[in-house]
Protein chains: 2
Amino acid sequence: MPLIFDYTNLLTGAVGEKAGLSEAEIGKLDGTEEKIIREAEAKWLPFRELPYRDEYAKSVSDLARECAGRFSTLVNLGIGGSSLGGNALVSALAGPQGNHQKVSVFFPENVDPDSFSRLLDSLDLEKTIFSVVSKSGSTAETTAQFLVVRDLLISRFGPGGYRERVVAITDPKKGDLRRLAEEDRLRTLPFPDGVGGRFSVLCPAGLFPAAMAGIDINEVLAGAREMDKRCRVSDLFQNPALLFAILLYLSNHKGRGMVVFWPYSDLLIPAADWFRQLWAESLGKRNSVDGAVVHAGQTPIRAVGVTDQHSQLQLYIEGPRDKVICFLAVNDYRTVVEIPDAGIKIPSFSYLQGKTLNSLIRAEQEATEMSLTKAGRPNCKLVFPRLAAIHLGEYFYLLEVATAFAGTLFQIDPFDQPGVEEGKKLTFGMMGREGYEDKLKEFTEWRKRPGKIV
Amino acid sequence: MPLIFDYTNLLTGAVGEKAGLSEAEIGKLDGTEEKIIREAEAKWLPFRELPYRDEYAKSVSDLARECAGRFSTLVNLGIGGSSLGGNALVSALAGPQGNHQKVSVFFPENVDPDSFSRLLDSLDLEKTIFSVVSKSGSTAETTAQFLVVRDLLISRFGPGGYRERVVAITDPKKGDLRRLAEEDRLRTLPFPDGVGGRFSVLCPAGLFPAAMAGIDINEVLAGAREMDKRCRVSDLFQNPALLFAILLYLSNHKGRGMVVFWPYSDLLIPAADWFRQLWAESLGKRNSVDGAVVHAGQTPIRAVGVTDQHSQLQLYIEGPRDKVICFLAVNDYRTVVEIPDAGIKIPSFSYLQGKTLNSLIRAEQEATEMSLTKAGRPNCKLVFPRLAAIHLGEYFYLLEVATAFAGTLFQIDPFDQPGVEEGKKLTFGMMGREGYEDKLKEFTEWRKRPGKIV
């Protein structure tokens, strides 16, 4: 059974005329499907080729096999798209319950001195390998982390031992990390040209940490290829990516400026965080492709089931009608946890005895879905038959293609991120990088304005 | 130096006429401050007494001292308000860099069979103690977790060994957990009557795990008392809770239906998650106190700095003008991490050499703040002089009081959560609890409706 997209509770039949979408409304886009698919495909979309690039899977697997024999821990130095995809794979598929757990993988991302030093202090450096991941090779957070680690490894193991303990994943030809990797004679894997960070999970950036954790990356790619077939169908109601894009676009258009991704599995939390970047950074744009000021975008929120029933559900059910919810449901968890029958006669305990945590979490997901629907709150779900590599491949690819389609619907460019450049330049200026002296000056001036505090 | 609330960048002077709030607009509420304070205080607000309840601190400290001598791990079985406050304290203040780390504390919350069994499998049960926390004593997730753990402990250690390894925190007089604790002769701490879960961090529910982790809970309470003084001042511009409540209320009123809490410290992530429950569940209400249908509320979102600069910042800067941002900034982190000078001449590396991660994370916070402000995106910040117990006490109390004040402004009851009852009943029905047969029937009928999937 494949990954399923269930959109029953987005429709008027489930949540009512006002809150729901009618099939007629959705069908209005009938005939434009071909256009959306063609437009998205007419742009050069290198990410769509990744499931077919066997040479990446091969070089990743070869290097991972070599490293996993020798090291028990991988620390992935990378941020945003250089971390989220790998983390999603490792969290969902590796770990003690997996069959192939080989190496523990950490994804620190942040340059928080407290958490980063705590992680470094906890490592057995002898048995640890680091991947340093940056497409451009100039990401400040990643280069800073790497300088700290590089010094640590050289002072402990000498240049040779350092070289053995680092793999660089960066542009195959250009960039400052590529240059340093060559000077230091590090092993490298390619971060392919034209593949943006948030669309990179199926390239070595996402596949290497997965392979190190013992995940069958070929199965992940096979899942993506299966989904690719489904996403090329021009009948809207048979194409999950097109349907997902259109339903969320219409919801946003009707005032639902937030989409809540709500996994009922702790292991899928990073998969939801991965989507959160994809949807936010791709669609959150000031300008349309025609140059008009549109301030487009829909804010993705990550919740956790059942946990957030005790935190956010009250707001989702009774608060403003400004969000649409997408559950990530799991049919078969990896483990079954029995709730033993201890013969307790107290009402809040007795009914649970002899059941399982599995039936409880499933009942809670369905109860939440039903009570949201009855309250007229539109929701949908992606159903994972189980937490398997093939379904993660389907999941990533479905949402990447849906995001590209949504870019066409929102009439923005889903592949750039112009809004974050200013902050990067200001940081360079404040950190004293050559060529950014004007930015430091600008900041120094700005900071002089009178503050209001209490 | 105390915790500071800096609201400079919410004002017209910083973000412009259209996006900002003018002091006149804020001052319109002038004269009503007394009313808001009086109204909030006229209601019985037991949480406001907690900083002064020395007897709780004493009984918590006594029990924690006894247990921490014998156990190295505490697992807190509780969800929502029975977990978030303790987790926020432990994350911010305990850990390897703290002075007093005694016991590692885990807050599983979820009934995910995969993550819960993984946690149980990783424990050295001999050295582990469990707290089971539920005010009502009937929380399905907590009773289910506890039944699993209870059986594990009894079968391993016998009834006596089980009793030594559990502390129950629940209503002092009533409820099913109180009943079981008495039957099983467990040690207990009180979850005081009238204190809702989300306002419970300063009662034993939050203080016990903190004390077990070696945190000075008296300092936490002292911070809350300091903030209490500041929150009783009737001059709006001198009262941080009133100002926070009014500024967010006005922002929401002007179309900013989201508030992003954005800590620049991984250790403050749970503190932001704690606020996320407080703000969502307190203000997200269908009905006003007068019974009108209002669907009030503002959606709290937790981001992480610097990490989410590579995920959400593009949307926050260029997307819809529908959010207000609140940074959690830290002046002095616990650790200083130097970026060594290795003499690398490559531009993306050389400027960072000889600096610290501390200066980098700080520069990035300020750069993000400045670029948001220049883009006309309102933002404010809570500044922690350092990650110290006193400031966490100030933080919790400020936001709890602000939430109570916001309840008055939104004209809703911030202390109930009627919207989640239906889902709880449905879950009871589906799990076969006596008396909920009609809910099971309702669900079974509902589930028969035709589904739309792809």
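**View 1. The two domains of chain A.** In this predicted model, local features need pLDDT of at least 70 and side-chain atom pairs count only at pLDDT 80 or more, while totals for chains, interfaces and linings use all residues. Chain A splits into domain 1 (4-43 + 221-410) and domain 2 (47-217), with bounds from an automatic or database domain assignment. Their centres, taken over C-alpha atoms, sit 30 Å apart. Where they meet, domain 1 of chain A puts in 23 residues and domain 2 of chain A 22; contact here means C-beta atoms, placed from the backbone, within 7 Å. On the domain 1 side, α12(A) gives the largest share, nine residues. Residues are numbered from 1 along each chain as its sequence is written, and chains are lettered from A in the order in which they are written.

**View 2. Chain A against chain B.** Each partner is well represented here: 118 residues from chain A and 118 residues from chain B. Helix α15 (residues 357-374) of chain A brings the largest share of the chain A side, 11 residues; helices are DSSP runs (H or I, at least four residues), numbered from the N terminus.

**View 3. Around Phe244(B).** Look for Phe244(B) in helix α11 (residues 240-253) of chain B. Phe244(B) counts as buried because it has 24 C-beta neighbours inside 10 Å; the cut-off is 20 or more, with 12 or fewer for exposed and partly exposed in between. Leaving out residues up to four places away in sequence, Phe244(B) touches Phe5(B), Leu398(B) and Ala402(B). Val401(B) is 157 residues away in sequence, yet 9.7 Å away in space, C-alpha to C-alpha.

Terms used
Two residues are in contact if their C-beta atoms, placed from the backbone, lie within 7 Å. Helices (H or I, at least four residues) and strands (E, at least two) are DSSP runs, numbered from the N terminus.
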